[in-house]
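Hello,

Here is the structure we talked about. Please open it first, then read the notes below.

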Amino acid sequence: MGAAERLRRTWHVLWDGSPPEPLEDEPSEVVDPRAVDLVLRVGELLLASGETTERVNEAMLGLAVAYELPRCEVQVTLTSILVSSHPGKGAPPVTGSRAIRRRTPAYWRLTKLHALVQEASIGMLELDEAHKLLAEMKRGRGPYPPWLIVASLGLIAASASVLSGGGFLVAGTAFVATLLGDRTAAALARRGIAEFFQLTVAAAIGAAAAAIVVAAGNPQHASTIVTGAILALLPGRPLVASIQDGITGDLVSAAARGLEVFFMIAAIVAGLGAVVYVAVNVNVPIDVSHLPTAPVTLKPVQLMAAAAVSVTFAVSLAAPRDVLLASALGGALIWTIYVLLRGWNVPPVLASAMAAIVVGVLANWLARRHGAPVMPYVVPAIGPLLPGTALYRGMVELNTGSPQSGVLSLIGALSVALALGAGVNLGGELVRAFQHVGLTAGGRWTRPAARRTRGF
């Protein structure tokens with residue numbers, strides 16, 4: 001086409017007052033409401049079972065692609081999820097949402113949901129069959145009876161007491177105190193009392209058991225009892241999830257989970273502080289001289305106790321049975337690395353972070369090899385290093401005339417907790433750097449957290 005012809009057409013377009021011919025729209029695509037319902041239900045169950053926001057987003061979008069939902073958008077927060085599909089040709093979008101009213105960690109269900117999403121994303125699962133499998137998961141029972149899950153909380157406390165230097169009598173006392181606190185909290189829950197006060201009462205019962213032991217003339221055993229009782233209450237699962245959400249850019253969910261962790265720790269500290277304050281004011285000889293310190297040598301009993309802490313944590317979270325061996329090895333490994341680093345005079349926060357990074361790498365690698373979610377491998381493994389002793393030390397110091405030391409101990413406990421969460425997530429990022437595909441074969445380049453914004 002010559003220059004004169006192009007100029008003529010341009011002039012005609014500029015001066016032509018007639019409206020342009022409308023573009024022919026593509027035929028409207030069909031939105032299957034059953035597919036929208038499936039995406040919503042899977043997302044709801046994943047989030048309620050303890051999965052991170054990024055994984056829930058990835059799973060829901062993968063299902064939307066698998067079942068041909070056109071131009072689908074997904075929005076996930078800690079308390080609600082939304083799915084919207086736009087069929088085109090001016091047709092209104094099909095939108096659905098669900099509220100997450102109850103979040104109960106059930107890692108066995110999380111594993112089954114991941115398997116469902118993976119099969120659907122590669123075209124191996126019809127929509128009707130997916131609905132049927134999902135209904136079976138919702139009706140299904142976990143791998144452990146309810147009494148064992150309740151008892152596992154007491155076993156966490158007993159194992160942690162042995163880990164911090166206690167004997168079998170101390171472990172038994174911690175077991176009973178933790179079960180009593182948990183059952184009391186359950187009774188309060190049935191009466192509609194907020195979870196904050198449930199945790200406060202449970203922590204207070206554990207601290208009261210320690211105060212009674214001190215009053216009976218055995219102060220060296222008190223700290224190990226309360227350390228175990230606190231460890232069973234500490235929010236390891238939401239801590240890991242909140243840091244993961246923050247790293248991956250889901251800031252709303254990260255802030256919500258972070259506040260959840262803050263209030264849970266605040267409730268535990270309030271229960272401890274109230275009991276220690278009363279005990280000190282009635283002349284119970286509570287001081288920091290009997291508090292245990294991290295051992296600089298490894299002993300078989302401590303390794304077994306660390307493994308037991310992780311295994312019982314896995315049981316309390318209803319993890320699949322085939323994860324228990326990995327949980328035991330992860331607990332023993334993170335304790336071994338931590339003790340070795342402390343023996344080389346590495347500060348507790350850095351030692352916790354480095355141990356968590358190693359465990360995070362191995363847990364993510366193992367989870368990807370088995371095509372399973374990583375949370376059942378990661379969360380129980382960090383159990384032995386959760387800062388129960390530091391929290392107790394801080395409250396004792398605050399109530400025995402050393403407020404500055406008490407505040408520093410509480411800050412140190414929080415720093416260790418954050419180091420554990422950040423460490424295991426960094427381990428996951430290191431594994432992701434060398435992977436090829438994600439949960440739904442979407443590829444690493446489709447990850448929202450990888451987009452370079454430089455803070456803008």
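Buried means under 20% relative accessible area, exposed over 50%, and partly exposed in between (1.4 Å probe, protein chains only). By that rule Phe263 is partly exposed, because its relative accessibility is 44%. Phe262 is exposed, at 51%.

Some ground rules. This is a predicted model, where local features need pLDDT of at least 70, side-chain atom pairs need 80 or more, and totals for chains, interfaces and linings use all residues. Residues are numbered from 1 along each chain as its sequence is written, and side-chain values use heavy atoms, without hydrogens and water.

Now the rings. Rings of Phe, Tyr and Trp (its six-membered ring) pair if their centres lie within 6.5 Å; planes under 30 degrees apart are stacked, over 60 edge-to-face, the rest tilted. The count is four aromatic pairs. Phe262 and Phe263 are edge-to-face, because their centres are 5.3 Å apart and their planes stand at 75°. Trp335 and Tyr338 make a tilted pair, with 6.1 Å between centres and 35° between planes. Both of these are buried: Trp335 at 5% relative accessibility, Tyr338 at 10%. Ring pairs also link Phe196, Phe197, Phe262 and Phe263 into a cluster.

Next, the cores. A nonpolar core is a set of buried Ala, Val, Leu, Ile, Met, Phe, Trp, Tyr and Cys residues joined through side-chain atoms within 4.5 Å. The largest has 114 residues, and Val42, Tyr67 and Leu272 have the most contacts inside it. Apart from it lies another core of seven residues, including Val170 and Ile225.

Best wishes
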